[in-house]
Amino acid sequence: MSDATLFARYRDLQRYVGWTDADAANVRGIAHVVEAGLPGLIDDFYAELPQHPETMRVITGGMAQIDRLKNSLRLWLGDSLQANYDADYVARRWEIGRRHAEIGLHPVYTNAAMARLRNGILRLVLASSGQSPQDLSTTIQSLNRLLDLDLAIIQDAYEAEHVRKEKLAEHERSEVKFRMLVEAATCLVVILDAEHRIVYCSPFGRELTGHDVKELVGRDFLDTLVAPSARADVIAEIDATLAGQPARGCEHPILCRDGSQRWLVWNTQRLENYHDSPAVLAVGHDFTERREAHERMLRAERLAGIGQMITGLAHESRNALQRIQSCSEMLELEVEGNEEAIRLLNRLQSAQDDLRRLLDEVRSFAAPVQLERSACDIASAWREAWQLLETARRGRDAVLEEVADVGDLRVYADRFRMVQLFRNLLENSLAACVDPVRIRVHCREVAHDQRPALEISMRDNGPGLSPDARQNVFEPFFTTKTKGTGLGMAIARQIVDAHGGAIRLGTAGDGAEFLITLPRNEL
């Protein structure tokens, strides 16, 4: 409470008890009488304290503290008798009450102490004032009004400090309850200040994102955990929440420490006066697996439709391609020796091969992945894929570097599909990189679905993937190349999913990195 507000309240209390300038004059008139007897009055006051354990409980500094308190009481009483009842005077009375509340002295003892001081002061006045009975009565009334006003301000400070402590205690109790609740919850709970900084993150955040939750506190929520594609929407939702409009059911991806993304559905609520300022409580439930299952179902439905279409298209296209092939072979005999015509026929043959490959790739994508598993040495699979790309590498400075932290590189898998998987990845790297091309393959032991697994990291030294490409790289028909169907990475994911594994992008940085996790299964 400000000094001006305190003084206004004091003036109102003066009017309430009928305090006038005459009362101030009466107090000044007997000030010399009271001041002469103050030493004995103060000694009597502190001689009584040891009789009451509750009051002695707050006297922790021994006689040195009592001497200081005696001096403070002398100054207080002298201040009251000067009759200069301005804003500073009221602020000093307020501080006395606040200090008593701070040290834990119950207000009942303050009231009793004031009664003892009142009786002592009145005894001094009755014994030494020399006033007529009528003047003496008026002076005693003025002294009582003065002491009542002092006690009212002290009790007001007591109440204000008590309310402050209760609010603080309630906040601490609420904080404990909040932490007990959220720390057991399998969802991400964060509290953000008005500048979008993280002031609290629940322990589940470590399991979900891989970040140390203590290190997250104080960091910008958007830069640390929100995917770039979602930041504009998240900013709008946070600002709306701070303005009093909570968000419900907002779906946004978050960034994990390893660069991967998890999809969460968010609910937000404004917190009033969280550590004396407004804040946002955001609760995110992870639905990544459910979202991926839904996407797989949609892909399966789309593939079923594509499969039906491709079945008919492939039959008709195969007949057409065979007729083109027959005509091309006959025409080649007719134009033997005509170099220009042969060159055109070669181009026609190349286009025919491209069309056949396109149809085969789409048909392969649309058909269910059938596996023929056996013990497969993964290193031999990627080496075979590299060898199959010899034509694409001819004349280029391209090297495949191998690093393995494990000796056993075998998994229970379909070798043909593994070669297809690595060929798609390596082919993309060769297309994206300029010479010298360096592709690094690294293997390590991991756990997948609580089972032993092998993680293969494949990183090239190309330009890396744009934010858009990182988000859509596994989507069917998405491509950044001028040629191709955009099915290579979608097929790669199909193959890995069929093996019960996982494929994802590594951390953003120099080059593109793909992380393939394959369960060892029955070796």
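Helix 2 passes helix 6 in a right-handed crossing, meaning that the near helix is turned clockwise from the far one by less than a right angle. Helices here are DSSP runs (H or I, at least four residues), numbered from the N terminus. The model is predicted, so local features need pLDDT of at least 70, side-chain atom pairs count only at pLDDT 80 or more, and totals for chains, interfaces and linings use all residues. Residues are numbered from 1 along each chain as its sequence is written, and side-chain values use heavy atoms, without hydrogens and water.

Start with that first pair. Helix 2 covers residues 21-48 and helix 6 covers residues 107-128. Their axes lie 9 Å apart, at an angle of about 140°. Axes are lines fitted to C-alpha atoms over the stretch in contact, and angles run from 0 to 180 degrees between N-to-C directions. Contact means heavy atoms within 4.5 Å. In helix 2, the contact residues include Ile-30, Gly-37 and Phe-45; in helix 6, they include Ala-113, Gly-120 and Leu-124.

Now move to helix 14 (residues 378-388) and helix 16 (residues 415-432). Their axes come within 8 Å and cross at roughly 50°. That makes helix 14 oblique to helix 16. This crossing of helix 14 and helix 16 is right-handed.

His-211 sits between helix 8 (204-209) and helix 9 (213-216). His-211 counts as buried because its relative accessibility is 9% (buried is under 20%, with a 1.4 Å probe and protein chains only). Beyond its neighbours within four places in sequence, His-211 touches residues including Arg-206, Thr-224 and Cys-256.

Technical notes
Helices (H or I, at least four residues) and strands (E, at least two) are DSSP runs, numbered from the N terminus. Buried means under 20% relative accessible area, exposed over 50%, partly exposed in between (1.4 Å probe, protein chains only). Angles under 35 degrees count as roughly parallel, over 145 as roughly antiparallel, 65 to 115 as roughly perpendicular and the rest as oblique.
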